[in-house]
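Me: Could you take a close look at one residue in this model and walk me through what surrounds it?

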Amino acid sequence: MKQTGKLDYLEMPAAHGTLDRVKAFYSAAFSWSFTDYGPTYSAFDEGLEGGFQADSGEVSAKPLPVLFSEDLEDTLAAVEAAGGTIAKPIFEFPGGRRFHFIDPAGNELAVWGE
């Protein structure tokens with residue numbers, strides 16, 4: 001069951017033409033399977049759902065933890081009130097909407113909702 005604030009997804013970088021190599025590695029090492037969403041994104045569901053981002057305009061330098069929210073606007077306001085910095089305001093993506101924020105330690109996270 002999805003709940004506000006719970007870790008729901010992990011997006012990891014696969015830049016510079018490494019998407020096929022990353023998929024091959026995790027398939028061989030751990031028997032992971034993937035669902036491709038275009039040429040630059042591939043998702044997995046291996047205990048925690050996630051995906052590898054290879055789009056040079058979207059890829060982050062580090063893994064991106066993604067939290068869920070039942071009310072995206074309320075969660076964005078709560079993040080700001082708690083001292084988080086909004087890195088990307090709410091935007092639509094295939095499957096829902098999300099925003100990115102930076103926590104006080106400098107970590108980037110995202111929050112998504114339907």
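Me: I mean Thr75, in helix α2. Which residues does Thr75 touch?

Reply: Thr75 sits in α2, which covers residues 72-81; helices here are DSSP runs of H or I with at least four residues, strands are runs of E with at least two, and both are numbered from the N terminus. Keep in mind that this is a predicted model: local features need pLDDT of at least 70, side-chain atom pairs count only at pLDDT 80 or more, and totals for chains, interfaces and linings use all residues. Residues are numbered from 1 along each chain as its sequence is written, and side-chain values use heavy atoms, with hydrogens and water left out.

Thr75 is buried, at 14% relative accessible area (buried is under 20%, exposed over 50%, partly exposed in between, with a 1.4 Å probe and protein chains only). Leaving aside residues up to four places away in sequence, Thr75 touches Thr4, Ser69, Phe99 and Val111, contact being heavy atoms within 4.5 Å.

Two of those names turn up again in the sheet: Phe99 stands opposite Val111 in β8. Strands β7 (96-102) and β8 (108-113) pair antiparallel over 6 bridges; pairing takes at least two DSSP bridges between two strands. As for α2, the helix packs on the sheet, touching β6, β7 and β8, and its direction makes about 0° with that of β7 (axes are lines fitted to C-alpha atoms, for helices over the stretch in contact, with angles from 0 to 180 degrees between N-to-C directions).
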